[in-house]
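Work through the following exercises with the sequence and the model at hand. Each task is followed by a solution in steps.

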Amino acid sequence: MRLTATLLVLAALILAPAARPRAYTLQYTSTAATTQVHWPTTNITVALSTSLNSPPSYVHATGAQVVLAARRALSRWALASNIQFNVTTSAAQDAAADGVSLITIADTGTNRALFSTGVQPGRARVSFDGSGNITEADLAINPLVTRFDAFGNQVSSFFSTDGAQDSYDLESTFVHEIGHMLGLEHSGEVAASMQPRQGTNGTYNLPSFTTRTLSSDDVAGIRAVYGPRSGLGSIAGRVGYNSSTGVAAFGAHVFAEEVATGRLVAGNVVNAAGNYRIDSLPPGQYRVVVEPLDEPVAAAQIGSNGGGYPASTLSNQPPFVTTEAGTVTVGAEATAQLNVGVNGAVPAINPRFIGTGASFQLSTVAVPIVPGQSQTILVAGDNMNAAPVGTVTGVSISINSPYISVSNVQQLNGFGIPVISFDISPSILTPPGEYSVRAISSAGQVAYVAGGLTVDLPNGVPAGQNLSDNSQFFVAQHYRDFLSREPDQSGLDFWTNEIESCGRDAACRDVKRNNVSAAFFLSIEFQQTGYLVYRLYKAAYGNAAGTPVPVRFQQFFPDTQEIGRGVVVGVGNWQAQLEANKQAFALKFVQRPEFIARYPRTLSPTQFVDALNTNAGGVLDATERQNLIDELSANNTDAGRASVLRKVADDSNLVQQELNRAFVLMQYFGYMRRNPDDPPDADFSGYNFWLGKLNEFNGNYIAAEMVKAFITSIEYRQRFGP
Ligand SMILES: [Zn+2]
């Protein structure tokens, strides 16, 4: 469950009760924090109560909208991890221990009894056994939901799916509670879906849609429990008062910012023994910060009293000063150790709220920021007094990102709480993700609003604008969507210029945008990474059960990132790097439990090769087949199997046979960031339509008008603007 975020309207400032934050945190069975709570399987059956189809008065949406919100919320977690939900329907109305894991919005006595206050919009109840295995998890929303008004009074509220003023976004509530159903506690990161408070629509004069989307902290958390974690690394260590071996700094928030971009990637909360562990980090350099959870997220809000983070204990921990613990390098499949001693003292400064100058509002939920668009940000809290011009006595503000510059830092006086105002100018190339505000006192003491700013498109983009109409943004986003990396300068310039060379000729620009877009699928870099992953799955498993495609979105991107890591075609020794990545990946691929289950090591070389060939559609001719059998007979090891699998995957007939199918599938993966049968679709009819059309035009995507249809679709454009 989560509490309602405070909303302070500066024009009429009344200090309402405040709350606090944390990074991703796992549920444990007891205060010992040794046994983690999780589903024993990644195939989880969840029933949608029939109450979703006929919403009660406190849900202002149609049944179809509510069901879609629930399906999308489930889908977000599934897309981030190895989880698959088997969604059924149930006539049950109560979130009760009845053996059915239920999502309900019904107004029943049982559901009302789950809530002790109106300012808890939703609640998950999770049952688990002594081994931490979840046996049932239910989700209910609060039939008597309330919110705080600008004066801190509780007034009645409701749920909606359309951003209606003063309502709770139902999909955001679902996303948060489903995180609990899966075994996550609250996060100390302000922009996380798992942060302990939910804002109502209208905070910062915007719909509160940002927590519909998982932050990278949420993603790291769910992957820490269910995977995939292949190719990723960890940071772990101990945090103590005054020395890393000192008294455990229980409840401290440890978070890692990617040095290259400044994004807050993930964090964790120190347990009672003083230990923390941040898993699922892409390899790279990280700046590690340890902060007390003393607003905007509070330590006491991280966990329930039964688990590893009891609120009663955490609210009584001694204070300490935020510590920038240094930079660590994280490698794949490795854990970087970082032990930290924090200075046990009352912090001199403490930013407790964040807000926007445009709304003149402060709250404890993240502020959406938009690439290429300057705006005024507010932070407020204890001793947050900016230095008067010409002096160095006050607090200065910075953001640890090369993409975001800060200017015009000044004090706003007369509000009963110290408020600092500053302007930010995020580059049009600012990568999506969460960024922290860093405050530093004249004495050099630092404090953070961890993940207080979020580039979570399209939230915050003003009406009438769409970032994808900006050529530079459009191109950069293709690097992210298809190559899973930020653009290199020369590539960015080249493709941007392709479009911009049209000047104002709209027809020319449209044609170039289609071609530039398709160029990413057709690029050597994608063909050698993403398309190879597609063909490896095809050769290994054929099509996924019940689908016409061999690989699912949630498998595809982690694997593609692993093969592509450190590769920029044309730059440096990219071919050697790519080959090394492919070899390492193929070896790990054949060592995965699911591969070995399908292909026991006792199989003969002939059985192995024939099975792959069958999956691939019989693409090997007699000589190719015999050569692979001979190769494997001479070296029937994991490495030998990996080599044979790669050769089947790289067979020219397979490459040709799957090209159109992969092209269509990548329209969904790249542009829509989902599977073809994920919401709002329910099956593969869209995929089949486009495959039929592309085949009809012999793969000519221009004649088939396929790429054009996707990049001009409402679903694609709504990723980047209203
Ligand atoms: Zn919660």
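**Exercise 1.** Determine whether Val66 is buried or exposed, and identify its surroundings.

*Solution.* Val66 has 24 C-beta neighbours inside 10 Å and therefore counts as buried; the criterion is 20 or more other C-beta atoms within 10 Å of a residue's own, with 12 or fewer for exposed, values in between for partly exposed, and C-beta atoms placed from the backbone. The model is a predicted one, in which local features need pLDDT of at least 70 and side-chain atom pairs count only at pLDDT 80 or more, while totals for chains, interfaces and linings use all residues. Residues are numbered from 1 along each chain as its sequence is written.

Next, locate the residue: Val66 lies in helix α1 (residues 63-80). Helices (H or I, at least four residues) and strands (E, at least two) are DSSP runs numbered from the N terminus. Leaving aside residues up to four places away in sequence, Val66 touches Leu52, Pro55, Val59, Ala61, Ile105 and Leu170; a contact requires C-beta atoms, placed from the backbone, within 7 Å. Asn581, by comparison, is 515 residues from Val66 in sequence and 44 Å from it in space, C-alpha to C-alpha.

**Exercise 2.** Explain why strand β17 (residues 253-258) is described as largely enclosed, and find its partner strands.

*Solution.* Count the buried residues: six of the six in β17 are buried, so the strand is largely enclosed by the rest of the structure. Then separate the faces. His253, Phe255 and Glu257 are buried on one side, and Val254, Ala256 and Glu258 are buried on the other.

Now consider pairing, which requires at least two DSSP bridges between two strands. β17 runs antiparallel to strand β20 (residues 284-291), to which six bridges join it, and Glu257 stands opposite Arg287 in β20. Five bridges connect β17 with strand β18 (residues 264-269), also in the antiparallel sense; here Phe255 faces Gly267. The hairpin of β17 and β18 has five residues between the strands, and Gly262 takes a positive phi near 85° in it.

**Exercise 3.** Show where the buried residues of helix α12 (residues 574-591) lie around its axis, and what they pack against.

*Solution.* Begin with the length. The 18 residues of α12 reach 26 Å from first to last C-alpha, close to the 26 Å expected at 1.5 Å a residue, where the expected span is 1.5 Å times one less than the number of residues. The buried residues of α12 are Leu578, Lys582, Phe585, Ala586, Phe589 and Val590. They cover an arc of only 120° around the axis, which puts them on the same side of α12; the arc is that of the directions from the helix axis to the C-beta atoms. An α-helix has 3.6 residues a turn, so residues three or four places apart point the same way. The buried residues of α12 pack against α9 (524-528), α10 (530-541), α11 (553-564), α13 (593-598) and α16 (638-649).

**Exercise 4.** Describe the contact between domain 3 and domain 4.

*Solution.* First set the bounds, which come from an automatic or database domain assignment: domain 1 (3-221), domain 2 (237-460), domain 3 (467-525) and domain 4 (527-701). The C-alpha centres of domain 3 and domain 4 lie 26 Å apart. Their contact takes 11 residues from domain 3 and 17 residues from domain 4. On the side of domain 3 that touches domain 4, the elements giving two or more residues are α6 (471-483), α8 (506-522) and α9. The largest share of that side, three residues, comes from α6.

Technical notes: Two residues are in contact if their C-beta atoms, placed from the backbone, lie within 7 Å.
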